[in-house]
Amino acid sequence: MAQLTRTESAEGEAGRLPAPPLAIETRGLRKEYGEQVAVHDVTIAVPRGEVFGFLGPNGAGKSTTVKMLLGLAFPTAGEARILGQPLGAVGAKRRIGFLPEQFRFHEWLRGEEFLDFHGQLYGLSRAERRRRIPEVLELVGLGGRGRDRLRTYSKGMLQRAGLAQALLNDPALVFLDEPTSALDPIGRREVRDIIRALKARGMTVFLNSHLLSEVETVCDRVAIVDRGHVVRQGTLKELLQASLDVDLTLGALDDAALRRIEEYGAIVAREAGALSVRMDDIEEVPRLVDALVRAGVAVYGVTPHRRSLEDVFLGAVEGEPSEVRSTQYEVRIHPAPVGAFGLPHSPPPFVLRTAYCVLPGAQR
Amino acid sequence: MKALVIARLTFREALRKRMIWGVVLLSIVFVALYAWGFTQVRDEFLREAARQGARGNGPGQILTLDFVSTIMVGLGFYTINFLAGVMTIFAAVGTIAGEVETGTFQAIVPKPLARWELIVGKFLGFAGMIAAYIALMATGVLITARVVAGYTPRTSCWRRR
């Protein structure tokens, strides 16, 4: 109770201070199953009103973390606050929606009965349920199918019904675990639009997804987990701009000029007349060019490559693989304005995506 | 309150199990056999009483038809007890483990309800179904006794005067 009061006063202060209130806050969350440690140490902060992407390879501990946040599993150690309340508080649960991965239903129920049941569990009154059920059915694109039994629904429709269930109580925080896994491309785009619409209404969305392109398009903030640890966390912008490769096409270079370049970043690839430099900040690029010009090096081309979320993800999870690639078997074809998944997109003018073609064994 | 929501769904779900209808069918067979057996016992008793009467022994003072009916009703109740036990086990076994397994609980547990409400709800759902079953079966046995032997168990509330 004392803790609760403290949080409330902290939120009161937040009105004056720019720090946004957090929807989810965890500290050292840990889960052991006997000898197995599923989650070592998860410390994340999800500000309210944002779309948060939770990424990681299979078995990284994503689902276990979500289970702990929802009260499906009890943490071995650590603490967490959901919407300002401790884990398992019924008050917070009232304002949470959850779409589990591979949502399974009581398939003999009709769509409306199913939603009515979950509405009752949320404690919605009969009038609220009568108003809300057609609303959410319409929202997820199941309008008019409420009277059919769930057994007759397709996989994609079941996924939508699950989403409708998660949104019934108009939650402040909604957890979506692989919401688009059963959907076709059109359904995926619809779900993305729904997520954006939820965000526009001030909802916080916790998105668990393997689809990096999806996370890249809808998320404000991302955490990457690997083997039970959070290995990267930050806004999407921070993560994507944390490092970039700059391709330089240069005239003759001496060793002094090379050392000059290395002050700005590691040289990750080098060919005759061309260099690739890994830099931390795009603001450094003009300074590097300036330094090169002053050192008397002819600069023919400067192409910064923003790294895609896939690069960041693979780098975070496997330890920087691009360094391995560059020394061993990288064949780089550029410039190719193609997105991470071969989908064309329109980057800002100075950003050109690079298509990587990795051929194991092709030594250079 | 939420426990009742769970109980209602559990009750409906239990009625959907094919096993339940198997048990109901067997129970109808049981009541029919019971009524037939009861009739046989009554006829046998009446024949024996008539034979004893013809020999001049007079009808039994201790062994009356009511006494025989009491035993028969007791046997009927015993069978119902056994059937209800079997039904409880088959209907309720692994209900929670099963729902954890299939994942239907994943959407239910994060809802604003305490875990005990979930357990109590499940219990009440099955208890309601079994109670209805026992009530129906007991009615079947009592009506049989009434029709076949004109017998109603005497308790303090049904004392015949």
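The following paragraphs describe selected charged pairs, their separations and their accessibility.

The model is predicted, and across all of its chains the count comes to 23 salt bridges.

| Pair | N to O separation |
|---|---|
| R27(A) and E25(A) | 3.9 Å |
| E50(A) and R221(A) | 2.9 Å |
| R42(B) and D43(B) | 3.0 Å |

In chain A, the side chains of E50(A) and R221(A) form a salt bridge at 2.9 Å. This pair links distant parts of the chain, since E50(A) lies in the loop between β3 (45–47) and β4 (51–55) of chain A, while R221(A) belongs to strand β10 (residues 221–226) of chain A, and the two residues are 171 residues apart.

The bridge between R27(A) and E25(A), at 3.9 Å, falls within the 4 Å cut-off and therefore counts as a salt bridge. R27(A) has a relative accessibility of 45% and is classed as partly exposed, and E25(A), at 29%, is likewise partly exposed.

In chain B, R42(B) pairs with D43(B) at 3.0 Å. The relative accessible area of R42(B) is 21%, which means that this residue counts as partly exposed, and D43(B) is also partly exposed, with a relative accessibility of 25%. Returning to chain A, salt bridges with shared partners join E25(A), R27(A) and E79(A) into one network.

Conventions. Residues are numbered from 1 along each chain as its sequence is written. Chains are lettered from A and ligands numbered from 1 in the order in which they are written. This is a predicted model: local features need pLDDT of at least 70, side-chain atom pairs count only at pLDDT 80 or more; totals for chains, interfaces and linings use all residues. Side-chain values use heavy atoms; hydrogens and water are left out. Buried means under 20% relative accessible area, exposed over 50%, partly exposed in between (1.4 Å probe, protein chains only). Helices (H or I, at least four residues) and strands (E, at least two) are DSSP runs, numbered from the N terminus.
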